[in-house]
Amino acid sequence: MKVLLKISWLNVWRNTRRSLVMIVAVSIGLWGGIFVSALSSGMMLQRFDLSVKQHISHIQVQNPEFLKDRHIKYGIADWDALKKALQADPVIAGFSGRTLAGGMLATANMSVGISIIGIDAANEASTTGLDDNILEGNYILDEGRNPVLIGKKLADKIKLQPGSRLVLTFQNIEGELVSASFRVAGIYQTSNGIYDESHVYVRQSDLEPYVGEGSTINQVAIVATDIEQVQALGDRLVKQFPEYSIRTWDDISPELAYLQEMAGMMLMIVLVIILFALSFGLVNTMLMSVFERTRELGMLMAVGMNRKKVFAMIMIETIFLTLMGAFGGMLLGFVSIQLFSKTGIDMAAVGGDSLNDFGFPSVVYPQLELSFFFFLMVLVIVTAVLTSIYPALKALRLKPAEAVRKE
Amino acid sequence: MKIIRTEKLSKIYNHQSLPVKALNQVNLEFETGEFTAIVGPSGSGKTTFLNMIGGLDKPTEGQIFIGDTEITSLSDSKLIDFRLHNIGFVFQSYNLLPVLTAKENVSFIMLLQKTNPKEMDARAVELLKQVGLEDKMDVRPSKLSGGQQQRVAVARALASKPRFILADEPTANLDTQSAFNLLDIMLRLNKEENITLIFSTHDQRVIDRARRVITLVDGAVDSDEQFER
């Protein structure tokens, strides 16, 4: 075996230029595949993280009736009891009770349909980090009378800026329309432009007088200390509060889970296509190598090298060639991922704000799990073995008596 | 002692379409220690005959005995193993492995035989000394002349301790001096170590030194002469 390895290794370097061309082709092909995979994976993970952090949280608790008819009157029946339980649970990193109302936002020039979210400013900040997303103006923690936070996209659309006045119109508990004047305290921007265009944040305490008797919490967003704990936490809350609808992130936004699965699948397809394309180059290289060495292979079979060893020799040569390319590609991939995972790649330059409109961040930080590289290595070895079969069979079909005399 | 015997050996190429009779009922015997040249015009069946007795090709009819083994009935894998342990080959185009040194080329066949590494090394050195290449052991074939490469090929053929060596036009690609050197070495090995050598050749220099000359014409034995040399 040692001799076969040695001869195969030396054979790879008999035609240095040809081997190098193939190695470079494999390297660049895999590098491209790895980097695209890392970009895609990074984009999906960022979208997931940001969606969970900024919008849906890990778990949402609601009155089941609210899910059927989004009327403000369907709130959490015993908010104090739920609050106490959530405060006592050690795996909960933060939670925020929200009052949700559909309504209209009107300025002197324009009116648009929007969702109004009444929040406890401090709790919302510790749950979704909304205060970190303020681009202009201030967060609504200590602002004066009736401050409102509006998304950048909405602000651009209806030309509002911090200090601008607007009127919010919405239904109260009785179902009657009420209007109140608010002043823009700040402009926020999340990773999802469509969300920013359709959601405004006000303080619950400012909303209460208009909504009606007693406060109404329509939604409680919960963030766990660790995503691994979410399912168990959800199960626990379901047992504790069977009267509420308790949904985890994948129930709330199944497309997030689907996107992650699909991204994984797409990465595999991309890599398989790349390897499939490269395998033609490898087959061609190895066939040329076999044809060039017809006399030599004939001699080996004539003097007594059995077919298994001839087959193994061609296979080992193909594996060497492929693995060298694979190592090159993986090294380039690893280095470039490390480099860009710190600086990120600003996709806004090529996609404008469209990525942001679909909830994807415009600056993407490529990332790949280490296990991906192991999986890729297995895929590469399988490709090399499969690729070597045809040239090796060609070698085996040589007739030694004819092969040794081939000019 | 008889080492090779062929019985009614025939080979027909293109059996189905346009049959060409390369060998026709050839009955020959070879003794240990012979130095035999098989001669004849192109297409007379010399190479075909060598391929048959070397187990590289199968006859259409007839039998080949190497010692007591009838090799035409051996399976392909058994035949490969049989060749490894019983037959040495020297080819017209040397056919050395270009990626290995002279010594490694000689050792390689012993590796296939799973010879003990120490014994293998010593034998490779000894054989290369016998063919006058002790100073070229670590040189690759591309740095050797044609004559030197053919001498390495002879050493390689001897390495497996075969029962006989088949050489197909071994001097065809060599200049006169290299051809004489090679023939001297082969004759010496034949005389001193009783190694059986069977050549197919057109080369009069080889024919003049052979102790037995078999002439084939149209795939049949035309003459079989012995010489005292």
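Student: In which hand does H3(B) pass H4(B)?

Tutor: A crossing is left-handed if the near helix is turned anticlockwise from the far one by less than a right angle, and right-handed if clockwise. In this predicted model, H3(B) passes H4(B) in a right-handed crossing. Helices are DSSP runs of H or I with at least four residues, numbered from the N terminus.

Student: At what angle do helix H3 and helix H4 of chain B pack?

Tutor: Two packed helices are described by the angle between their axes and the distance between the axes. Axes are lines fitted to C-alpha atoms over the stretch in contact, and angles run from 0 to 180 degrees between N-to-C directions. Helix H3 (residues 102-112) and helix H4 (residues 117-130) of chain B pack at about 130 degrees, with axes 9 Å apart. H3(B) and H4(B) are therefore oblique to each other; angles under 35 degrees count as roughly parallel, over 145 as roughly antiparallel, 65 to 115 as roughly perpendicular and the rest as oblique.

Student: Which residues make the contact?

Tutor: Contact means heavy atoms within 4.5 Å. Among the residues involved are Val106(B) and Met110(B) of H3(B), with Ala124(B) and Leu128(B) of H4(B).

Student: How does chain A compare in its packing of H12(A) and H13(A)?

Tutor: Helix H12 (residues 294-303) and helix H13 (residues 307-343) of chain A pack at about 150 degrees, with axes 10 Å apart. H12(A) also passes H13(A) in a right-handed crossing. Leu297(A), Leu300(A) and Met301(A) in H12(A) meet residues of H13(A) including Val310(A) and Ile314(A).

Student: Which conventions apply?

Tutor: Residues are numbered from 1 along each chain as its sequence is written, and chains are lettered from A in the order in which they are written. Local features need pLDDT of at least 70, side-chain atom pairs count only at pLDDT 80 or more, and totals for chains, interfaces and linings use all residues, while side-chain values use heavy atoms, with hydrogens and water left out.

How values were computed: Helix = DSSP H or I, 4+ residues; strand = E, 2+ residues; numbered from the N terminus.
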